[in-house]
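Thanks for making the time, everyone. I would like to walk you through one model this morning, so please bring it up on your screens.

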Amino acid sequence: METVETTVLEQTSTFPRQKANKRSMRLSFSMVGIGFAGIILLGTITAPLITHYNPNTNDLTQVLQAPSAAHWFGTDHLGRDLFTRVLYGGQKSLLIAIAVQLMAVLIGTLLGLFSGYFGGKTDKVIMAITNIIFSFPGLLFAIAIMAALGPSVFNLILALGFVSWPEICRLVRSQTLSLKEREFVEGGHALGASVSRILFRYILPNCYGNIAVLMTLGMATTILAESSLSFLGLGVQPPDPSWGSMVNQGKDYMFFAPWYLFTPGIVMFVTILGINLLGDVLRDYFDPKMKSSK
């Protein structure tokens with residue numbers, strides 16, 4: 001009997017250690033990915049200090065040069081330094097992703113707060129619009145908007161921002177529906193607090209964690225969407241660099257100049273992976289279940 005009880009106790013005590021080990025391995029893997037993505041993003045921000053080449057200046061004497069000490073990632077079909085263009089392309093992708101997510105958070109948060117708090121017809125109208133946008137694939141919807149407005153960075157931000165806010169709206173709405181019944185909100189009503197104060201001082205701060213997670217994951221999605229639209233010629237326009245347009249140009253030279261295709265593709269992959277891993281870490285941090293299991 002004692003042997004059975006001892007075995008059960010040992011197995012029971014093993015489970016938390018196994019969970020802790022898995023969590024530790026997952027965190028270590030995430031930190032590695034985040035580190036690589038952080039290095040890339042830091043490089044894009046400090047691009048003028050890292051490279052002395054102009055990303056848009058042609059040099060026909062250096063066409064399709066393989067990677068070397070002079071050109072770390074090689075050159076493209078116009079002799080432009082690929083390392084420089086990858087850095088500046090990432091800079092533009094990062095700025096677009098931040099602008100899109102700020103737009104999505106602003107629209108989605110306001111509509112979600114109003115929808116969840118006021119309910120009734122306001123909730124029905126906002127949710128109807130949200131469901132209509134959700135019924136279309138986001139990238140195809142963005143392509144249709146870009147085709148109507150024309151390719152430019154400003155129109156690209158509008159298109160991607162327009163298809164990105166519904167997810168945040170739904171999240172904030174669900175949080176608001178739950179929070180408006182809590183005691184501290186009812187206390188605010190009892191003290192005569194205005195609607196704006198209750199929304200932005202009582203309810204909204206409790207949504208910050210989940211909004212931060214969605215915004216982080218949304219940045220990775222936006223970078224991929226921007227690259228896809230640039231690949232199709234609907235995003236960043238030449239001669240300005242973009243990871244998507246560079247991959248599109250490099251595919252024509254993949255058999256005799258593979259660095260042209262793979263370097264921007266690999267950099268984009270590592271960046272998106274790192275941002276997604278950062279989103280997972282933030283989600284675990286803000287998840288009450290994960291905190292209670294530690």
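Let me begin with a term: by contact I mean heavy atoms within 4.5 Å. What we have here is a predicted model, in which local features need pLDDT of at least 70 and side-chain atom pairs count only at pLDDT 80 or more, while totals for chains, interfaces and linings use all residues. Residues are numbered from 1 along each chain as its sequence is written, and side-chain values use heavy atoms, with hydrogens and water left out.

Leaving aside neighbours within four places in sequence, tyrosine 53 is in contact with Ala70, His71, Asp81 and Thr84. This tyrosine sits in the loop between helix H2 (47-50) and H3, where helices are DSSP runs of H or I, at least four residues, numbered from the N terminus. A polar atom of the tyrosine 53 side chain lies 3.1 Å from the backbone oxygen of alanine 70. Is tyrosine 53 buried, exposed or partly exposed? With a relative accessible area of 27%, tyrosine 53 is partly exposed, given that buried means under 20% and exposed over 50%, with a 1.4 Å probe and protein chains only.

Turning to the helices, H3 has 37 residues and reaches 53 Å from its first C-alpha to its last, close to the 54 Å expected, the expected span being 1.5 Å times one less than the number of residues. Just after H3, glycine 119 takes a positive phi of about 65 degrees.

Now the interior. A nonpolar core is a set of buried Ala, Val, Leu, Ile, Met, Phe, Trp, Tyr and Cys residues joined through side-chain atoms within 4.5 Å. The largest has 21 residues, and those with the most contacts inside it are Leu113, Ile168, Ile198, Ile203 and Ile211. Helices H3, H4 (120-134), H6 (153-179), H8 (195-203) and H9 each supply at least two residues of this core, and H6 gives the most, with five. Apart from this core lies another, of 18 residues, among them Leu94, Trp243, Tyr260 and Met268.

Returning to isoleucine 198, its contacts, again leaving aside neighbours within four places in sequence, are Tyr117, Val185, Gly188, His189, Ala193 and Ile203.

Definitions and conventions
A polar contact is a pair of N or O atoms within 3.5 Å; within protein, one must be able to donate a hydrogen and the other to accept it, and residues adjacent in sequence count only if both atoms are side-chain atoms.
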